[in-house]
Amino acid sequence: MRLNLTAALLTTVSLIAFAASPAMAGGYKIGKNTFTGKFSITAGQNSNAATAAAKAGKSFDDDDEDEDLEDLVDDNELDPQELAEDDSEEDDDDDNDGIPDFSEPGTPAQVYRDSRVQYGAGLNHAYAFSDTFSWKSAVLAGVNRQMDRHELNRINWAANTGPEFKIKSGGVTINPSVTYAQLEKAHKNQSESTIASLATKWKVNKQLDLSLRMNKEFRNNVAPRTTNTDVAAFKIGAAYKLTPKDKFSLNFSPKIDRNENALKSKDAWSADIGYARKLPWAMTAGVAYKYSESEFINGVAVPLRKDKDHLYTTALSKDFENGMFAAIGAAYKSKDANIALKGNHDKSVFIQTGWKF
């Protein structure tokens, strides 16, 4: 298994090194058109494959559109544990569908150890009508292949488009956009989402950036026995460069998730803090912590289900010539739940390489 992961990673490194060239390292500019893109491959191992995998995270100066799309696609991904519940034969009794068992609060869910390979690709395009107005579009595709639990294999893709307005005198950027995202799991279409977004960024000074993103998602869950969802969320963020080599980030994001099945509707919020440090040899080290809470608002079950998630991540990345990059990292994720079989935990490690232009 590990040999397969290593072989896939080394093969990709060779292909990327062959394809990269100095002329493409800074992107393509053709008249008023600008093209940028990224391809990556990530090999990793999880102690619990049913939970979210570790990600490399954002780089020190990264404000590319593909990172925003990754966040949107991640929000669109369905919980594998929830999908398993929806497909189970035990849900045949509609009167009891979704009502949890409270007999053993806090009992951890079953653990599934697995290895994975993830491929990601994105292409961004911007057409500048003027110094203050441009139109941006992007496409993103991702493939996640689980080596042991093939039922968790998934394909994600998204397309995003919208104008960008810059108010140079105030350092403000405004970007309304529309995104269409689709998730396919185990060769079956699972969900389709249309997401309307409004993102703003205010560069207060050379050290401080403030941001706000508002999303309204309409998710059509097409898998058997799942129901549609409307999600409203916004994210407030701040990034501060203490020194040219030290950067802190802080984000807060509440979310309202309304499902056609009232037992799955919930209110949630999350907060995260991160620190990144530039190192010699074009390297960057980072650590982050994210805390989130979800409360299912259905009044049938007593007590109401409440989840608390903790996510700790650390990563080390390096930029090479010709747009190549690499990263290694680890993460620990735990879910504390007051409902039996809903809590879980995951330890994961990953190694990543890729190319961006």
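Residues are numbered from 1 along each chain as its sequence is written, and side-chain values use heavy atoms, without hydrogens or water. In this predicted model, local features need pLDDT of at least 70 and side-chain atom pairs count only at pLDDT 80 or more, while totals for chains, interfaces and linings use all residues.

Q: How many residues lie between β9 and β10 in their hairpin?
A: Strands are DSSP runs of E with at least two residues, numbered from the N terminus, and two strands pair if DSSP finds at least two bridges between them. Strand β9 (residues 229-243) and strand β10 (residues 246-259) run antiparallel and are joined by twelve bridges. Thr243 stands opposite Asp246 in β10. The number of residues between β9 and β10 in the hairpin is two.

Q: Which residue in β11 is the bridge partner of Phe252?
A: Strand β10 also pairs in the antiparallel sense with strand β11 (residues 266-279), over twelve bridges. A hairpin of six residues joins β10 to β11. In β11, the bridge partner of Phe252 is Ala271.

Q: Is Met214 buried, partly exposed or exposed?
A: Met214 is placed in strand β8 (residues 208-221). Buried means under 20% relative accessible area, exposed over 50% and partly exposed in between, with a 1.4 Å probe and protein chains only. Because its relative accessibility is 38%, Met214 counts as partly exposed.

Q: Which backbone nitrogen does the side chain of Ser47 reach?
A: Ser47 is in the loop between β2 (33-46) and α2 (65-76). Its relative accessibility is 12%, so Ser47 counts as buried. The C-alpha atoms of Ser47 and Val349 are separated by 9.4 Å, although these residues are 302 apart along the chain. At 2.7 Å, the side chain of Ser47 reaches the backbone nitrogen of Lys347.

Q: What is the angle between the planes of Phe248 and Tyr275?
A: Rings of Phe, Tyr and Trp (its six-membered ring) pair if their centres lie within 6.5 Å; planes under 30 degrees apart count as stacked, over 60 as edge-to-face and the rest as tilted. By this rule there are eleven aromatic pairs. Phe248 and Tyr275 form one that is tilted, with 4.9 Å centre to centre and an angle between the planes of 40 degrees.

Q: Which strands hold Phe248 and Tyr275?
A: The two residues are 27 apart in sequence, so their pair ties together separate parts of the chain. At 35% relative accessibility, Phe248 counts as partly exposed. Phe248 lies in strand β10 and Tyr275 in strand β11.

Conventions
Helix = DSSP H or I, 4+ residues; strand = E, 2+ residues; numbered from the N terminus. Polar contact = N/O pair within 3.5 Å; in protein donor to acceptor, adjacent residues only side chain to side chain.
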